[in-house]
Amino acid sequence: MYQRSDIIYLYDGSFEGFLSCVFESFLCKQRPYDIVSEDSSEPSLMAQQWIETDMQRAQRVRNGIGKKISEEALYLVTNGFCTCHPQRELLLLDFIHLGFERGKKVCELITDPTVHALQKAVLFLKRESHLYLEFVRFSEYDKGLVSVIEPKNRVLPTIAPHFCDRLHNELFIIYDKTHRSVLIHKPPKWAIVDLEDFIEPQADETEQFYRELWGTYFDAIAIRERINPRCQMTHMPKRYWKHMTEMQRRPAAKTAASARTESTVNPVPLPERMLSE
Amino acid sequence: MDLFDKLRILSDAAKYDAACTSSGVDRDGKGGQLGNAAACGICHSFSADGRCVSLLKVLMSNACIYNCAYCLNRVSNDVPRATFAPRELADLTIHFYRRNYIEGLFLSSGVVKSPDYTCEKMIETLRILREEYGFRGYIHAKAIPGADDLLLNRLGRLSDRMSVNIELPSQQSLDKLAPDKSKSAILRPMGLLRDGIKENCTDLIRYRHAEPFAPAGQSTQMIVGATPESDYQILQLTAALYQKFSLKRVFFSAYIPVSDNPLLPARTISPPLLREHRLYQADWLLRFYGFSANEILDEKHPILNPLIDPKCNWAINNMALFPVEVNTAPRELLLRVPGIGVNSTMRILRARRETKLDFSGLRRIGVVLKRAQYFITCQGKTAQGVRITPDNALNALISDSQKQRLPSQNYEQLSLFSDQITREDVVKCISGQI
């Protein structure tokens with residue numbers, strides 16, 4: 001009942017749009033050659049079919065997965081959609097078909113290639129999200145806190161609850177440079193919206209002060225006799241360094257910090273207001 | 001002295017404390033307050049030595065009235081001294097926390113004036129954080145041995161985790177190197193904390209508004225390699241601490257030479273990092289794999305094998321129990337197979353409810369077949385092309401980095417002729433005596 005066809009489904013890139021594609025696939029009893037969102041589609045020889053996003057159909061698919069398969073399967077599907085698997089839509093479609101065939105047992109077929117590939121992709125998303133709970137660095141500006149990240153997966157929906165809970169009364173934004181979307185938290189509400197470009201404002205004196213202070217701490221905490229760059233990179237891969245304050249200190253900031261180190265003999269007066277703040 | 005110097009001196013003095021975990025307590029954020037805590041713990045950075053930076057780890061002060069030989073802050077050592085004012089430290093913590101640099105504060109201290117005075121300063125810092133700033137992040141406080149019980153209790157109410165460092169693994173070593181400390185002075189606050197935590201657990205059930213007392217439990221740390229205790233003694237002590245004091249963690253810290261005291265190892269030796277690593281592996285076996293200390297080491301074999309990890313070592317010595325059938329073996333036995341960890345075991349148990357497992361399936365599950373294949377069968381079969389012999393297994397269990405240390409010709413000769421390889425044979429082969 002599940003026939004391969006040469007059609008490529010085109011959809012608008014939203015989760016509901018994808019669920020509408022799933023509905024279409026079940027309706028026509030066909031497995032498309034591929035499912036692509038309109039902004040990532042390339043010219044191809046295959047026939048393309050535009051699938052209109054239909055909220056009711058999407059809701060039916062969503063309910064169907066939750067009830068007929070399991071809540072865990074729904075979790076895998078919603079999270080799977082946020083992963084960076086190159087063919088995530090097709091993978092999810094295969095998983096949903098398998099799910100309706102096998103019922104709630106599908107999540108236990110860990111050794112099945114489809115289920116395994118999906119679980120692995122979701123695991124990657126989870127791991128990367130956790131790393132971003134660690135490595136997000138905020139800078140403080142007049143209006144609030146700002147952070148820029150460059151994740152491979154779409155981590156914003158996964159990390160949003162954590163940061164909104166943590167910084168309960170703070171206005172903050174986290175900009176995802178890879179997927180051009182931004183998490184905005186304006187208590188008590190938060191939202192994730194698309195944003196084409198974002199330029200971080202210039203750091204002021206106070207912000208610069210705490211960045212350097214953090215750098216000083218970071219250097220002081222390492223034990224010289226145990227230096228182990230490989231171990232450091234295993235836990236904190238280099239691609240995250242780009243947006244991390246302590247790995248990002250400009251040479252000027254570094255010399256300023258080392259100048260301070262030597263200043264024990266002749267202490268440089270610090271702006272008093274920073275200390276008394 | 002400016003804040004930069006203070007922070008540098010006081011974090012530099014605190015860095016030898018191994019514990020930097022922020023795990024064990026789940027606390028949601030709250031309107032009008034700042035922060036939350038996640039039970040899994042969150043590391044925020046990794047310093048150049050590869051250790052995680054989760055908390056702002058500083059001393060309240062590095063001025064100390066004691067003279068422990070192994071310690072950098074001993075009174076006779078000529079180092080610059082600094083002390084944080086409580087509000088200064090609280091402000092710094094909040095600024096770092098809001099920028100997501102840290103998960104909270106790890107506060108320890110040298111003993112200034114008296115244990116009580118020191119403890120009061122620490123309490124003041126934590127009070128400002130919790131009450132004035134409404135800080136809901138993680139706080140790890142070090143109990144100061146010798147401080148009054150009431151102060152200790154107050155400290156416990158303000159923090160998530162408490163710890164007392166046991167420092168050295170035996171009374172003799174303590175007498176020699178830390179003449180101002182005694183085993184009982186260390187174990188007493190540990191016992192108090194244990195009782196406080198236990199009592200608090202029932203209180204929390206009985207009274208809805210009971211204040212939590214160190215909800216993330218207590219931990220301790222000991223220095224490895226400064227004194228002559230064997231791994232066996234250290235593991236016995238560790239197991240006893242878990243059982244008798246219900247500790248959450250025991251940390252090991254490879255001794256880094258900080259002074260020329262004739263009682264201590266020479267300054268030229270490098271810290272015993274591999275030994276520390278093996279001890280941590282053994283610690284994991286105690287906590288998550290259902291091993292007892294006696295299974296890992298015994299009086300006749302008091303040293304952990306440097307070439308293979310303790311679990312592989314146990315498996316090699318108990319080849320008679322293997323191979324196990326993955327599709328039917330109980331959880332306890334699966335956990336003991338080298339190459340199968342806690343997660344893989346869980347996934348195997350789950351997967352085999354629905355399917356019969358084979359080797360390719362196991363690989364997808366995440367089992368390290370390179371090691372595991374010598375100890376398992378799938379549906380009665382061993383992996384293709386694998387001859388299960390102790391020396392083949394041993395070969396697969398030694399990691400590449402450790403192989404480089406072996407003289408190659410000796411390693412070819414591994415007891416090919418005996419059917420059952422014994423522990424002594426292994427050690428002899430490896431050390432080149434055969």
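Me: Why does A:Cys164 count as buried?
Reply: A:Cys164 has 9% relative accessibility, so it counts as buried (buried is under 20% relative accessible area, exposed over 50%, partly exposed in between, with a 1.4 Å probe and protein chains only). This is a predicted model, where local features need pLDDT of at least 70, side-chain atom pairs count only at pLDDT 80 or more, and totals for chains, interfaces and linings use all residues. Residues are numbered from 1 along each chain as its sequence is written, chains are lettered from A and ligands numbered from 1 in the order written, and side-chain values use heavy atoms, with hydrogens and water left out.

Me: What makes A:Cys28 partly exposed?
Reply: Its relative accessibility is 37%, so A:Cys28 counts as partly exposed.

Me: How do you know that A:Cys28 is in no disulfide?
Reply: A disulfide is a pair of cysteine sulfur atoms within 2.5 Å, and the nearest cysteine sulfur to A:Cys28, that of A:Cys21, is 11 Å away. For A:Cys164 the nearest is that of A:Cys82, 15 Å away. The count over all chains comes to 0 disulfides.

Me: Why are H1(B) and H2(B) called roughly perpendicular?
Reply: Their axes, lines fitted to C-alpha atoms over the stretch in contact, with angles from 0 to 180 degrees between N-to-C directions, cross at roughly 85°. Angles of 65 to 115 degrees count as roughly perpendicular, under 35 as roughly parallel, over 145 as roughly antiparallel and the rest as oblique, so H1(B) and H2(B) are roughly perpendicular. Helices here are DSSP runs (H or I, at least four residues), numbered from the N terminus.

Notes:
Helix = DSSP H or I, 4+ residues; strand = E, 2+ residues; numbered from the N terminus.
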